[in-house]
4 protein chains.
Amino acid sequence: MSHNSFGHLFRVTTWGESHGPAIGCVVDGCPPGLMLSEGDIQPWLDQRKPGQSKFTTQRREADEVRILSGVFEGRTTGTPIALEIQNTDQRSKDYADIATRYRPGHADVTYDMKYGHRDYRGGGRSSARETAMRVAAGAVARRVLAELVGPSLRIRAALVQIGAIRVDRGRWDWTRTTENPFFCPDAGTVPLWEDLLGEVRKSGSSIGAIVEVAAEGVPAGLGAPIYAKLDSDLAAALMGINGVKGVEIGDGFEVAQLRGEQNADPMRMDDGAIVFESNHAGGILGGISTGQPVVARFAIKPTSSILVPVPSVNRQGAEIDVVTRGRHDPCIGIRAVPVAEAMMALVLADHLLRHHAQNGWSLPRVRLSEA
Amino acid sequence: MSHNSFGHLFRVTTWGESHGPAIGCVVDGCPPGLMLSEGDIQPWLDQRKPGQSKFTTQRREADEVRILSGVFEGRTTGTPIALEIQNTDQRSKDYADIATRYRPGHADVTYDMKYGHRDYRGGGRSSARETAMRVAAGAVARRVLAELVGPSLRIRAALVQIGAIRVDRGRWDWTRTTENPFFCPDAGTVPLWEDLLGEVRKSGSSIGAIVEVAAEGVPAGLGAPIYAKLDSDLAAALMGINGVKGVEIGDGFEVAQLRGEQNADPMRMDDGAIVFESNHAGGILGGISTGQPVVARFAIKPTSSILVPVPSVNRQGAEIDVVTRGRHDPCIGIRAVPVAEAMMALVLADHLLRHHAQNGWSLPRVRLSEA
Amino acid sequence: MSHNSFGHLFRVTTWGESHGPAIGCVVDGCPPGLMLSEGDIQPWLDQRKPGQSKFTTQRREADEVRILSGVFEGRTTGTPIALEIQNTDQRSKDYADIATRYRPGHADVTYDMKYGHRDYRGGGRSSARETAMRVAAGAVARRVLAELVGPSLRIRAALVQIGAIRVDRGRWDWTRTTENPFFCPDAGTVPLWEDLLGEVRKSGSSIGAIVEVAAEGVPAGLGAPIYAKLDSDLAAALMGINGVKGVEIGDGFEVAQLRGEQNADPMRMDDGAIVFESNHAGGILGGISTGQPVVARFAIKPTSSILVPVPSVNRQGAEIDVVTRGRHDPCIGIRAVPVAEAMMALVLADHLLRHHAQNGWSLPRVRLSEA
Amino acid sequence: MSHNSFGHLFRVTTWGESHGPAIGCVVDGCPPGLMLSEGDIQPWLDQRKPGQSKFTTQRREADEVRILSGVFEGRTTGTPIALEIQNTDQRSKDYADIATRYRPGHADVTYDMKYGHRDYRGGGRSSARETAMRVAAGAVARRVLAELVGPSLRIRAALVQIGAIRVDRGRWDWTRTTENPFFCPDAGTVPLWEDLLGEVRKSGSSIGAIVEVAAEGVPAGLGAPIYAKLDSDLAAALMGINGVKGVEIGDGFEVAQLRGEQNADPMRMDDGAIVFESNHAGGILGGISTGQPVVARFAIKPTSSILVPVPSVNRQGAEIDVVTRGRHDPCIGIRAVPVAEAMMALVLADHLLRHHAQNGWSLPRVRLSEA
């Protein structure tokens with residue numbers, strides 16, 4: 001049991017505070033013999049890197065990852081892979097008054113409630129900076145999936161809603177997500193979000209968002225019944241991203257309004273294999289993957305680090321109004337997109353190794369009766 | 001790592017199939033010296049028991065729980081508590097054609113994909129019957145919380161939506177939940193649901209629902225950063241209930257549409273203690289409890305065991321239409337209400353013991369600076 | 001984390017007290033599709049059963065095991081396997097004065113120190129009766145090893161020393177172990193032990209012993225570096241058997257007196273495969289199996305339940321002399337022999353599944369360079 | 001589950017290879033608010049540091065530890081503590097022919113068997129260099145024990161045997177252990193060991209040894225029944241130290257020759273508390289600490305890196321004789337002494353937190369009946 005580890009067989013342990021000397025993680029359980037270099041990890045980190053547009057924090061971190069162990073002559077050895085990023089832009093002075101003033105909606109106060117002593121600089125351990133290591137570890141998980149499943153397994157995420165403005169699903173185009181600063185799959189929505197976020201930023205406020213993540217090519221049979229369900233682990237993974245308040249799989253909350261025959265995905269045969277005619281289930285039935293795309297969404301709240309004053313208290317018990325200066329994201333949902341992909345990769349890699357343990361190395365498949 | 005265990009320090013391992021000789025669980029880690037008898041567990045099981053109204057399955061199980069170990073002279077000994085319920089009403093013949101026909105929307109097909117061999121009778125291990133043991137273990141967790149936190153900690157759940165019909169929150173009255181077969185907190189909604197479910201049942205279909213669960217009196221400071229967040233564990237717990245497709249905490253998916261100042265819960269002092277003026281956060285900030293009520297909701301899909309035919313395939317790879325006879329719940333959300341309470345109790349008991357491990361036995365509290 | 005579970009991927013959780021209604025265990029993680037019935041388990045339990053000779057306790061338990069879940073139509077389903085044995089011969093009255101009198105050398109006092117409340121009847125949870133479930137679970141592990149490795153993997157144990165009398169290794173014959181009540185591999189030693197134990201029993205005392213367990217046909221490559229070493233897990237498994245005070249692998253404590261060249265096992269090629277010319281290592285190097293027999297030994301103390309009075313105290317803090325009546329084994333080492341085999345099977349099955357998770361289903365082998 | 005983590009609630013994950021850029025560890029679960037700085041860790045590392053006498057390897061490492069997270073303003077924050085040591089003296093060229101030649105008695109061959117690809121430089125992950133991080137983490141565990149138990153808890157280890165030469169227990173003096181390069185508690189034995197090791201070194205060989213570790217002031221009640229026994233965890237911890245082949249607690253293998261009344265430690269009352277009149281049990285009964293000193297011993301084999309040629313094979317399958325040049329310890333038992341202390345500290349800290357979780361923060365004590 002560990003508070004700072006994720007996964008069981010593909011297990012990631014992260015460490016580090018926003019303004020400490022470095023952040024890092026240890027990836028344990030990675031199969032041996034996989035090609036792996038910093039070049040496999042850095043591009044994913046670059047996606048998440050702050051300071052890439054005026055819509056994300058202006059903090060500038062090179063976020064250069066270094067592999068310190070577990071890889072020899074370009075291939076994994078099966079021993080723990082240590083990854084590390086030096087923190088370079090630590091303007092701790094910006095955070096001087098966070099030391100004693102609790103931002104409403106922020107973990108400042110609960111960390112103090114729990115531990116009585118915390119590194120308040122930049123949010124310390126509660127900073128979203130920790131998610132850089134999830135992205136780094138997720139890149140290793142992608143290598144595992146690429147080698148053990150193959151290139152058919154593809155994980156992609158997109159921002160689908162900011163405030164009340166949703167993307168038009170009829171215009172969904174994955175290639176668009178790399179062409180705008182929002183990971184938006186619908187070019188038509190981009191200018192609307194630009195206007196909205198411009199206004200939010202000018203008013204010193206922040207706004208919530210919804211992210212969707214999908215994994216295509218997931219082998220059928222991943223997951224496990226009861227307490228190690230694929231959707232259960234995915235829910236934990238996504239709810240654990242900073243600021244997330246809701247998670248859904250497939251049709252999600254819409255299922256409340258459906259009848260049984262509307263919600264069930266009909267099955268048919270195609271070339272000897274079972275195919276589903278719809279994907280209300282989001283690729284998971286009974287906690288086990290069906291072979292269809294695994295689709296999840298999560299809602300992420302507006303950051304509590306805003307210039308709009310909110311009534312609060314300080315460590316000394318005085319009532320104050322809190323205004324948070326410093327460099328913050330007006331919509332933290334944007335930079336959560338690469339993190340969503342990483343968490344999906346981590347969950348799938350872990351479940352793939354779990355499946356191997358109990359069911360063998362060969363990928364699961366529908367086994368039709370021989371008769 | 002275990003597929004069939006829940007929790008870390010207050011750890012529950014369940015076993016058993018719907019139509020096997022019995023179902024059971026082992027509760028490990030329970031503190032010693034607590035008063036515990038079958039009488040503490042049975043009432044919660046009775047709430048979940050099938051066959052109590054025409055809106056739940058007509059399967060009749062006494063669901064009498066027996067404590068087989070871990071309790072001596074009426075008090076827990078700190079050793080594992082084994083609980084067991086005999087299966088008495090096993091009409092296996094009802095399920096004969098489920099053996100080879102995959103119900104669309106059901107785990108039949110994914111269990112076969114994963115394991116290649118399953119106990120198909122009544123859904124076997126994938127049956128919601130397993131949740132009886134969660135309720136039983138949850139009753140033990142309630143005893144832990146009652147002894148270590150006190151009677152101020154109170155866990156309650158209610159059904160808040162069936163189909164498109166939601167309760168009127170203005171008329172919310174917890175006492176109502178025990179007065180109707182739906183665990184509905186709003187008497188005015190009950191007849192509407194009766195009509196709706198009557199129609200659903202008559203048409204041989206089923207319908208989805210939304211359940212809300214709240215824990216009042218949760219001490220501040222429970223939870224842990226990063227990967228053992230209280231909300232993350234709660235999301236896993238609730239998403240792991242059969243048929244759940246979405247989970248939210250506090251304002252949930254609504255946060256996407258909020259500004260920072262709308263979502264942040266202002267803090268004020270009251271008699272030397274921090275109080276929050278609203279609870280958008282659902283009692284959790286940064287993965288740690290604030291001392292406010294912990295509030296979660298989840299959406300549960302319509303059961304796939306319906307009389308309406310849906311296109312499917314069988315084990316031999318032939319295309320068929322599936323109609324599921326037998327005794328099924330038209331709205332599985334109803335009987336999920338006691339399960340929701342149980343999962344909340346299990347998560348809180350586990351996190352309470354975790355907190356003890358790292359931070360000591362005394363309950364967490366806001367520690368204001370001595371200065 | 002669980003106090004009453006063993007193993008990680010092949011995970012056994014036991015429950016039950018010596019004089020409760022039953023004892024049982026849950027085996028989680030067993031691969032699906034294996035043939036398994038009570039008939040695969042009962043013979044191993046019968047070996048450990050009390051009352052089979054005058055040298056073991058006269059308590060009579062049928063020790064009939066029942067499979068309650070996880071097996072359908074004779075094959076495992078991949079879901080948890082619950083095993084249960086009813087306790088039939090519970091003469092609780094025999095133990096009346098153990099309730100308040102601490103047997104020197106027994107866990108009576110430490111259970112009270114830790115928990116303040118215990119089931120004292122027959123030692124409750126600290127009774128060696130719990131080891132029946134290890135033997136039962138070990139039988140399931142044997143099925144896993146038989147299916148996944150094959151019949152070449154063979155686990156056997158023997159008693160090699162009682163008091164100062166050791167077997168003559170020159171006369172070692174495994175077939176002998178089934179022909180005498182001591183699991184003694186040397187027929188010549190049997191009458192010496194009979195005399196010794198007769199005398200010990202007459203004097204109302206007890207005596208220590210040493211057990212050796214060997215697994216032949218273990219594939220090379222099982223185990224893991226650092227904290228999941230095969231020898232480390234084996235040491236934990238054997239030290240966890242009631243009364244064990246020392247564990248050694250291969251040459252064990254003798255290595256202290258060896259030079260490097262004496263202790264190293266030379267390697268040679270035989271038909272394209274690496275062979276070792278000796279087995280000082282006991283089949284494990286760097287925590288990983290070499291393919292040679294895995295050999296371990298452990299010392300087990302004389303039971304503290306004796307008729308010879310020993311100075312002690314009672315729960316009320318009075319000084320007393322303790323004499324333990326009731327039915328006890330004069331040499332608990334004897335019945336530890338089947339338990340040793342079971343623990344070896346459990347460790348190997350767990351490590352086999354671990355190996356599958358990280359390295360794939362195919363058995364590990366020496367991979368010589370292709371060049 | 002993790003191959004490279006130790007402990008459950010006080011959990012250490014190590015990473016790094018002998019000749020990689022650095023080695024490190026993450027300590028998760030440390031209580032918040034403890035004073036901790038590099039100065040608390042470095043002295044213990046210095047004890048283990050190579051190159052301090054002619055009887056240990058001449059490799060020179062500064063072994064300067066750096067705390068990278070989890071400590072703020074001199075006190076722990078309850079978040080993960082990352083420790084790191086740069087590798088400075090990496091003469092990789094020394095190890096060129098280890099790449100393809102398997103040292104008999106070394107993990108070279110089994111790592112290749114398991115992973116097929118390894119960092120052979122200096123033994124890579126199998127090098128005893130990893131134990132530096134155990135010592136570092138052990139120093140953090142000592143801080144936990146010092147704060148939560150107090151200065152009465154004292155952990156010390158000594159070398160008690162090299163080859164056939166044992167210390168004279170009649171002359172045991174703990175203060176001596178810091179005055180000679182062998183951690184020898186008996187000044188009279190030191191010149192004998194000097195002569196022996198001088199001869200061993202000159203002959204290009206190596207020799208085995210026995211280490212004893214004792215913890216005084218351990219509170220009664222630590223440990224847990226069945227599979228989390230204090231002795232079981234201690235056995236795993238010590239057997240996991242590189243080269244260890246045997247572990248014993250208290251009288252260890254001697255118990256085989258004892259009668260029940262000889263082995264049982266009589267109890268008497270002293271000032272209202274239970275006292276034991278001897279300590280055959282080594283401070284542990286039924287897996288739970290008695291309050292007496294916890295005493296363990298382990299045998300460590302002679303290193304396989306020697307100048308004496310031993311028949312072996314290479315990666316290409318050719319038969320060769322292996323001679324290992326480079327800088328090696330003639331008796332690796334010496335530098336295992338500080339590691340033994342560290343492992344004892346890690347096991348005790350983990351069990352202390354476990355005890356807190358289930359039994360509360362207050363230290364366990366013998367609870368005599370109020371009557």
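Q: Is A:Val135 buried or exposed?
A: In this predicted model, A:Val135 lies in helix α3 (residues 131-148) of chain A. Residues under 20% relative accessible area count as buried. A:Val135 has a relative accessible area of 3%, so the residue is buried.

Q: Which residues is A:Val135 in contact with, leaving aside its neighbours within four places in sequence?
A: Contact requires heavy atoms within 4.5 Å. With neighbours within four places in sequence left aside, the partners of A:Val135 are A:Trp44, A:Leu45, A:Arg48, A:Pro338, A:Val339 and A:Ala342.

Q: What separates the C-alpha atoms of A:Val135 and A:Ile41?
A: Along the chain, A:Val135 and A:Ile41 are 94 residues apart.

Q: How many aromatic pairs does the structure hold over all chains?
A: Ring centres must lie within 6.5 Å for a pair to count. Over all chains, the number of aromatic pairs is 22.

Q: What is the geometry of the pair formed by A:Phe253 and B:Phe253?
A: A pair of aromatic rings is described by the distance of the centres and the angle of the planes. For A:Phe253 and B:Phe253 the centres are 5.8 Å apart and the planes stand at 70°. Planes over 60 degrees apart count as edge-to-face, so the pair of A:Phe253 and B:Phe253 is edge-to-face.

Q: Where does C:Phe253 lie, and which chain holds its partner D:Phe253?
A: The rings of C:Phe253 and D:Phe253 have centres 5.8 Å apart and planes at 70°, so this pair is edge-to-face. C:Phe253 lies in the loop between β11 (244-249) and α6 (260-263) of chain C. The pair crosses between chains, and D:Phe253 belongs to chain D.

Q: Which ring does the charged end of C:Arg142 sit over?
A: A charge over a ring needs CZ of Arg within 6 Å of the ring centre. The charged end of C:Arg142 is 3.5 Å from the centre of its ring, which belongs to C:Trp44.

Q: At what angle do helices α5 and α7 of chain C pack?
A: The helices are α5 (residues 230-239) and α7 (residues 336-359) of chain C. Their crossing is right-handed. With axes 10 Å apart, they pack at an angle of about 145°.

Q: How many nonpolar residues are in the contact of α5(C) with α7(C)?
A: Residues of α5(C) in the contact include C:Leu230 and C:Leu234, and those of α7(C) include C:Met343 and C:Val347. The contact also has 1 polar and 2 charged residues. The number of nonpolar residues is 9.

Definitions and conventions: Residues numbered from 1 in each chain as written. Chains lettered and ligands numbered in written order. Predicted model: local features only at pLDDT ≥ 70, side-chain atom pairs only at ≥ 80, totals over all residues. Heavy atoms only, no water. Phe/Tyr/Trp six-rings, centres within 6.5 Å; stacked < 30°, edge-to-face > 60°. Helix = DSSP H or I, 4+ residues; strand = E, 2+ residues; numbered from the N terminus. Lys NZ or Arg CZ within 6 Å of the ring centre and 35° of its normal. Axes fitted to C-alpha atoms, helices over the stretch in contact; angles between N-to-C directions. Left-handed = near helix turned anticlockwise from the far one by under 90°. Nonpolar A, V, L, I, M, F, W, Y, C, P; charged D, E, K, R; others polar. Buried < 20%, exposed > 50% of the residue type's maximum accessible area, 1.4 Å probe, protein only.
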